[in-house]
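The following exercises concern a single protein chain and are each followed by a worked solution. Please consult the sequence and the model while working through them.

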Amino acid sequence: MSANVSTTEGAVLGLLALGERSGYDLAKLAEESVAYLWTPSRSQIYKVLPLLVAAGFARMTAVEQRGRPDKALYEVTPAGLDALRGWLADVEDEPAGGRVVFALKLFFCDFASPETALAHLAAYRRFLERRLVVFGRLEAREAEPPPGYQRHVLRHGLTRARATLRWIDETTAAIEADTSGARLQPATRAPRR
């Protein structure tokens, strides 16, 4: 595995950066934290963990349990934190595969710089502005306006994009205010060992 990690690998590294966990605990943490942005199956998480270990991005420790099967605990390594930061630093104006990951990456930007977070917000803004142009053209078609429910769904897209743009403005202002007085350093939670 190269330092270029997939969305699933990057998100799992981000969850591991929050602390040592088993695969089961990672799936539960995803459900309780980023599920509204990214919802991996347990099998995806279990499939990615050995790949992260093989790449040196995570370390696995077997823990014996009485009366139950042994469990594996995973923790991020310094190389894994570097890979996470590399994934976060990759800002795409048009997400590959159509999956919008701006907010997911922003969720883990405590492990990057405020500039990285601002870059994701700016890219998300450009993405939504392009979408609004397309949605606006659809809405403005006088010869063939969208019929019934299609029109309602289009209005949902317009409303959601506009609301997200307001959120981007608010979040950008908050990050800029947080960083204007003192230069924040990216979080570097050291792996336990």
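**Exercise 1. The largest pocket**

Determine how the residues of the lining of the largest pocket divide into nonpolar, polar and charged.

*Solution.* Step 1: in this predicted model, the lining of the largest pocket divides into 11 nonpolar, 3 polar and 2 charged residues. Step 2: the pocket itself holds about 390 Å³ of space. Step 3: 16 residues line the largest pocket, and the closest to its centre are Val100, Tyr124, Leu128, Arg160 and Thr164. Step 4: with regard to secondary structure, at least two lining residues come from each of helix 5, helix 6 and helix 7.

**Exercise 2. The largest cavity**

State how many cavities of 30 Å³ or more a search of the whole structure finds, and identify the lining of the largest cavity.

*Solution.* Step 1: the search returns 1 cavity of 30 Å³ or more. Step 2: the volume of the largest cavity is about 40 Å³. Step 3: its lining consists of Asp90, Val91, Glu92, Pro95, Val101, Phe102, Lys105 and His120. Step 4: sorted by class, this lining has 4 nonpolar, 1 polar and 3 charged residues.

**Exercise 3. Aromatic pairs**

Count the aromatic pairs, then classify the pair of Phe102 and Phe127 and the pair of Tyr124 and Trp167 by geometry.

*Solution.* Step 1: ring centres must lie within 6.5 Å for a pair to be counted, and the count by this rule is 4 aromatic pairs. Step 2: the rings of Phe102 and Phe127 are 5.8 Å apart, centre to centre, with 50 degrees between their planes, and the pair is tilted. Step 3: Phe102 belongs to helix 5 (residues 102–107) and Phe127 to helix 6 (residues 114–140), so this pair links distant parts of the chain, 25 residues apart. Step 4: Phe102 and Phe127 are both buried.

Step 1: Tyr124 and Trp167 have a centre-to-centre distance of 6.5 Å and an angle of 75 degrees between the planes, which is an edge-to-face arrangement. Step 6: because Tyr124 lies in helix 6 and Trp167 in helix 7 (residues 148–181), the pair ties together parts that are 43 residues apart in sequence. Step 7: the relative accessibility of Tyr124 is 14%, so Tyr124 counts as buried, whereas Trp167, with a relative accessible area of 33%, is partly exposed. Step 8: ring pairs join Phe102, Tyr124, Phe127 and Trp167 into a cluster.

**Exercise 4. Overall organisation and the nonpolar core**

*Solution.* Step 2: their order from the N terminus is α-α-α-β-β-α-α-α-α. Step 3: of the 193 residues in the protein, 38% are buried. Step 4: among contacts with a separation of 6 or more, 65% are between residues 24 or more positions apart.

Step 1: nonpolar side chains tend to be buried together in soluble globular proteins. Step 6: here the largest nonpolar core has 47 residues, and those with the most contacts inside it are Val12, Leu13, Leu16, Trp38, Leu52, Leu84 and Phe108. Step 7: at least two residues of this core come from each of helix 1 (7–17), helix 2 (23–33), helix 3 (42–54), strand 2 (71–76), helix 4 (78–89), helix 5, helix 6 and helix 7.

**Exercise 5. Two individual residues**

Is Met60 buried, exposed or partly exposed, and which residues does Met60 touch? Where does Val133 lie?

*Solution.* Step 1: Met60 is placed in strand 1 (residues 58–63). Step 2: the relative accessible area of Met60 is 40%, so Met60 is partly exposed. Step 3: leaving aside residues up to four places away in sequence, Met60 touches Val53, Ala72, Leu73 and Tyr74. Step 4: Met60 and Tyr74, 14 residues apart in sequence, have a C-alpha to C-alpha distance of 4.5 Å.

Step 1: Val133 lies in helix 6. Step 6: a relative accessible area of 44% makes Val133 partly exposed. Step 7: Val133 and Leu158 are 25 residues apart along the chain, and their C-alpha atoms are separated by 9.7 Å.

Terms used:
Residues are numbered from 1 along each chain as its sequence is written. This is a predicted model: local features need pLDDT of at least 70, side-chain atom pairs count only at pLDDT 80 or more; totals for chains, interfaces and linings use all residues. Side-chain values use heavy atoms; hydrogens and water are left out. Rings of Phe, Tyr and Trp (its six-membered ring) pair if their centres lie within 6.5 Å; planes under 30 degrees apart count as stacked, over 60 as edge-to-face and the rest as tilted. Helices (H or I, at least four residues) and strands (E, at least two) are DSSP runs, numbered from the N terminus. Buried means under 20% relative accessible area, exposed over 50%, partly exposed in between (1.4 Å probe, protein chains only). On a 1 Å grid over the protein atoms alone, a cavity is a set of points where a 1.4 Å probe fits but cannot get out, and a pocket is an open set with protein on both sides within 12 Å along at least five of seven lines; lining residues have an atom within 4 Å of a point. Grid points are joined across faces, edges and corners, and a volume is the space filled by probe spheres set on the points. Ala, Val, Leu, Ile, Met, Phe, Trp, Tyr, Cys and Pro count as nonpolar, Asp, Glu, Lys and Arg as charged, and the others, Gly among them, as polar. A nonpolar core is a set of buried Ala, Val, Leu, Ile, Met, Phe, Trp, Tyr and Cys residues joined through side-chain atoms within 4.5 Å. Contact means heavy atoms within 4.5 Å.
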